[in-house]
Amino acid sequence: MKLSEIKQILTTLDHVEFQLEDGSFVPEHFHVTEVGQINKHFIDCGGVTRTENTVNFQLWNADDYEHRLKPGKLLHIIELSEKTLHIGDHEIEVEYQSGTIGKYGLAFNGKHFILTAKTTACLAEDACGIPSRLTVVESKSNACTPGSGCC
């Protein structure tokens with residue numbers, strides 16, 4: 001989800017809820033302790049220089065169980081961050097503490113926000129000698145079968 005999308009959604013909500021993919025919810029007394037932009041400049045294992053820009057939200061739970069972040073307040077925090085930090089309309093990455101700090105994507109199911117699992121990947125599979133998924137599928141479909149004469 002991009003920053004512009006969450007801003008539009010927040011204008012339609014009465015309250016803000018975040019749910020993990022396992023169905024559990026971030027406690028309703030959460031705080032958004034950071035809104036920022038992360039600019040990642042790196043080189044992949046194939047030697048290609050890359051850049052990646054994301055908007056970062058950090059969710060945090062305190063012991064103030066009566067706290068509730070209203071949609072208008074979150075929208076105000078986002079707009080202040082855009083104005084002050086010149087944040088772009090990038091994909092949102094959410095940091096949330098469970099066993100360790102987890103990084104999640106963000107989606108919306110029509111009722112509340114979903115913290116979606118993120119995975120790692122090799123960006124230079126061809127340079128690392130990793131066969132593409134298409135090659136693996138093709139080799140399985142072309143495998144020798146008894147009586148085919150290929151073996």
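This is a short walk through the packing of one predicted model.

Let me start with helix H1, residues 3-10. Which of its residues are buried? Leu3, Ile6, Ile9 and Leu10. They span an arc of only 125° around the axis, which puts them on the same side of H1. What lies over them? The cover includes one helix, H2, at 71-85. It also includes strands E3 (49-61), E4 (92-97), E5 (101-108) and E6 (113-117).

Now the core. The largest nonpolar core has 28 residues. Ile6, Phe113 and Leu115 have the most contacts inside it. Which elements give two or more residues to this core? H1, E1 (18-20), E2 (30-43), E3, H2, E4, E5 and E6. H1 gives the most, with 4 residues.

Let me stay with Phe113. I leave aside its neighbours within four places in sequence. Its contacts then include Ile6, Ile9 and Leu10, and those three are among the buried residues of H1. Phe113 is also in contact with Met1, Leu13, Val16, Glu17, Phe18 and Gln19. Further along the chain, Phe113 touches Leu106, Ala107 and Phe108.

That brings me to the aromatics. How many aromatic pairs are there? The count comes to 3. Take Phe18 and Phe30. Their ring centres are 5.2 Å apart and their planes sit at 85°, so this pair is edge-to-face. Phe18 lies in E1 and Phe30 in E2, so the pair ties together parts that are 12 residues apart in sequence. Phe18 and Phe30 belong to one aromatic cluster with Phe108 and Phe113.

One more ring. The charged end of Lys40 sits over the ring of Phe42. The distance to the ring centre is 4.8 Å.

Last, the cysteines. How many disulfides does a search of the whole structure find? The cut-off here is 2.5 Å between sulfur atoms. As for accessibility, Cys45 is exposed, with a relative accessible area of 55%. Cys122 is partly exposed, at 25%.

To recap: a 28-residue core, H1 as the element giving the most to it, a four-Phe cluster of Phe18, Phe30, Phe108 and Phe113, and 0 disulfides.

Conventions: Residues are numbered from 1 along each chain as its sequence is written. This is a predicted model: local features need pLDDT of at least 70, side-chain atom pairs count only at pLDDT 80 or more; totals for chains, interfaces and linings use all residues. Side-chain values use heavy atoms; hydrogens and water are left out. Buried means under 20% relative accessible area, exposed over 50%, partly exposed in between (1.4 Å probe, protein chains only). The arc is that of the directions from the helix axis to the C-beta atoms. Contact means heavy atoms within 4.5 Å. A nonpolar core is a set of buried Ala, Val, Leu, Ile, Met, Phe, Trp, Tyr and Cys residues joined through side-chain atoms within 4.5 Å. Rings of Phe, Tyr and Trp (its six-membered ring) pair if their centres lie within 6.5 Å; planes under 30 degrees apart count as stacked, over 60 as edge-to-face and the rest as tilted. A charge sits over a ring if NZ of Lys or CZ of Arg is within 6 Å of the ring centre and within 35 degrees of the ring normal.
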